[in-house]
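Dear colleague,

I am passing on the structure we spoke about, with the sequence alongside. Please have both open while you read the notes.

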Amino acid sequence: FSFISFCLVSGSIYLINDSIDYKTDRLHPIKKYRIIASGKISIHLALLVAFMIIFAVLLLSYFFNIKITLILFIYVLIQLLYSFIFKRIPIVELFFVSSGFILRTICGGFAAGINLSPWFLISVGLLAFFLIVEKRKGEMLLNKAKFIKTRNVLSNYSLSLLDKYETLLATGSFLTYALW
């Protein structure tokens, strides 16, 4: 149940985020084919469906496991804050994206009925942060190669900075995983 719930909620968040970004997505060589940017569905319908799914999942999860409901609610709140505010703030946006992976892990622990080690959670967090840094680095390289702008916040990063994060996070992920 928790896996399907997270899939539905995260898909709904993508609909909301794509509704916010539809103008810039229309200018992107790949994102312009997304369902909202391409005009296949209206922003109004996308938002209606997204919020209905979120509401339904939170309501249903309440009857299954209140801890999972709480994690899903926190996830929705964090992702909405990211979509509306924090995706424009360098470094902070990396924390917001990686937090979603940590929350998924915690929810999986609750669903399986196991206690997750703090070292395991730190490992997941550092690895998620590493993957987001790698995604931003890839976007920066794509921007340079194709002269396109994939996301505004990238202008606040440099490849040198992301390389330093990459080294730090790869080492931190390995060490915390070994300690776990």
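First, some ground rules. This is a predicted model, in which local features need pLDDT of at least 70 and side-chain atom pairs count only at pLDDT 80 or more, while totals for chains, interfaces and linings use all residues. Residues are numbered from 1 along each chain as its sequence is written, and side-chain values use heavy atoms, with hydrogens and water left out.

Overall fold

The protein chain has seven helices and zero strands, where helices (H or I, at least four residues) and strands (E, at least two) are DSSP runs numbered from the N terminus. Its radius of gyration, taken over C-alpha atoms, is 18 Å, close to the 16 Å that the globule rule (2.2 Å times the number of residues to the power 0.38) gives for 180 residues, so the chain is as compact as a globular protein of that length. Along its principal axes the C-alpha trace spans about 50 × 45 × 20 Å. Of the 180 residues, 40% count as buried; here buried means under 20% relative accessible area, exposed means over 50%, and partly exposed lies in between, with a 1.4 Å probe and protein chains only. Taking contact to mean heavy atoms within 4.5 Å, 64% of the contacts between residues at least 6 apart in sequence join residues at least 24 apart.

Salt bridges

Side chains of opposite charge can pair when their charged atoms come close. The structure holds six salt bridges, each being a side-chain nitrogen of Lys or Arg within 4 Å of a carboxyl oxygen of Asp or Glu. One of them pairs D18 with R34, whose closest N and O atoms are 3.0 Å apart; this pair links distant parts of the chain, since D18 is in helix 1 (residues 2-20) and R34 is in the loop between helix 2 (22-25) and helix 3, 16 residues apart. D18 counts as buried at 12% relative accessibility, whereas R34 is partly exposed at 33%.

Another salt bridge, at 3.7 Å from N to O, joins R136 and E139, which both lie in helix 6, three residues apart, or about one turn of the helix. Both of these residues are buried. E166 and K137 also form a salt bridge, with their closest N and O atoms 3.1 Å apart, and because E166 lies in helix 7 and K137 in helix 6, the pair ties together parts that are 29 residues apart in sequence. Salt bridges that share partners join E93, R136 and E139 into one network. E93 itself is in helix 5 (residues 92-112) and is buried, with a relative accessible area of 0%. Leaving aside neighbours within four places in sequence, E93 is in contact with Y82, F86, K87, R136, V153 and Y157.

Aromatic rings

There are seven aromatic pairs, where rings of Phe, Tyr and Trp (its six-membered ring) pair if their centres lie within 6.5 Å, and planes under 30 degrees apart count as stacked, over 60 as edge-to-face and the rest as tilted. The rings of F86 and F96 have their centres 4.5 Å apart and their planes at 15°, so this pair is stacked. F86 lies in the loop between helix 4 (66-84) and helix 5, and F96 lies in helix 5, so the pair ties together parts that are ten residues apart in sequence. F86 is partly exposed at 23% relative accessibility, while F96 is buried at 15%.

F120 and W180 form a tilted pair, 4.7 Å centre to centre with 45° between the planes. F120 is in helix 6 (residues 118-146) and W180 is in the segment after helix 7 (159-179), 60 residues apart. F120, Y177 and W180 form one aromatic cluster.

Single residues

The residue I91, in the loop between helix 4 and helix 5, has a positive phi of about 70° although it is not a glycine. I91 is partly exposed, with a relative accessible area of 32%.
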